[in-house]
Amino acid sequence: MSEQPQNNNFNYNAYPGGQSAPPPASIPARPKQVDISFWLLIASLVLSIISVPFGIAALNSPEARATAQRQLEAQGAAVNLDAAIAAGTILVVVIAVISAVVTLLVAIFIRKGYNWARIVLTVFAVISLLNFTDLSAANLVAIVSTLLTIAATVLLYLNPAPAYFNQMKQYRLSKKFAQG
């Protein structure tokens, strides 16, 4: 008498009864808030890029040069003012490029429904808000850019946007398990 082998299902991703995962549902509809947030971030990005020449001009203004010269003399530093301004210019450009790349990537992933991108944007918006020290008219472009980023962030926490991020997570999981 031969014994029948026990039918063990060791596939932990399988559904009860040995069924395979259901096919992924359709992609959740993206709410208006997410689309508006995306375009606000793109506008903020454009304004940030536009503000770079203004920042460089401000570094090279006679007032900024005189202030920097006084500070260097007060510290007794033997630094060439032109070299310091050149280093400041390079720093402004590098920070602007990094900021632009991060903003663009976060905007794209927010539009795709990734919650981690919404969290990164929230941290980015808080940091931008903390840097809100110079409220002069000369800094108007940067102020508007920061306000656009904050508005984009707030929109992502208004209904139905949070549900969209949860639905997209579930959609990606169901799609992943349907393939495996």
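Modeller: A crossing is left-handed if the near helix is turned anticlockwise from the far one by less than a right angle, and right-handed if clockwise. The model discussed here is predicted.

Biologist: At what angle do helix H4 and helix H5 pack, and what is the handedness of the crossing?

Modeller: H4 spans residues 115-130 and H5 spans residues 140-155, with their axes 9 Å apart. The angle between them is about 145 degrees. The crossing of H4 and H5 is left-handed.

Biologist: Which residues of H5 meet H4, and how do the residues of the contact divide?

Modeller: From H4 come Leu121, Thr122, Phe124, Ala125, Ser128 and Leu129. Facing them in H5 are Thr146, Thr149, Ile150, Ala152 and Thr153. The contact of H4 with H5 divides into 6 nonpolar, 5 polar and no charged residues.

Biologist: Which helix supplies the largest share of the nonpolar patch?

Modeller: The surface patch covers about 530 Å² and is made by Ile90, Val94, Ile98, Val102, Trp116 and Val120. The largest share, 4 residues, comes from H3.

Biologist: Is the peptide bond from Asn159 to Pro160 cis or trans, and what is its omega?

Modeller: Pro160 is placed in the loop between H5 and helix H6 (161-179). Most peptide bonds are trans. The bond from Asn159 to Pro160 is cis, with omega near 5 degrees.

Key: Residues are numbered from 1 along each chain as its sequence is written. This is a predicted model: local features need pLDDT of at least 70, side-chain atom pairs count only at pLDDT 80 or more; totals for chains, interfaces and linings use all residues. Side-chain values use heavy atoms; hydrogens and water are left out. Axes are lines fitted to C-alpha atoms, for helices over the stretch in contact, and angles run from 0 to 180 degrees between N-to-C directions. Helices (H or I, at least four residues) and strands (E, at least two) are DSSP runs, numbered from the N terminus. Contact means heavy atoms within 4.5 Å. Ala, Val, Leu, Ile, Met, Phe, Trp, Tyr, Cys and Pro count as nonpolar, Asp, Glu, Lys and Arg as charged, and the others, Gly among them, as polar. Patches are made of residues with over 30% relative accessible area and no salt bridge: like charges are joined within 9 Å, nonpolar side chains (Val, Leu, Ile, Met, Phe, Trp, Tyr) within 5 Å. Accessible areas come from the Shrake-Rupley method with a 1.4 Å probe; for residues, only the protein chains shown count as cover. A salt bridge is a side-chain nitrogen of Lys or Arg within 4 Å of a carboxyl oxygen of Asp or Glu.
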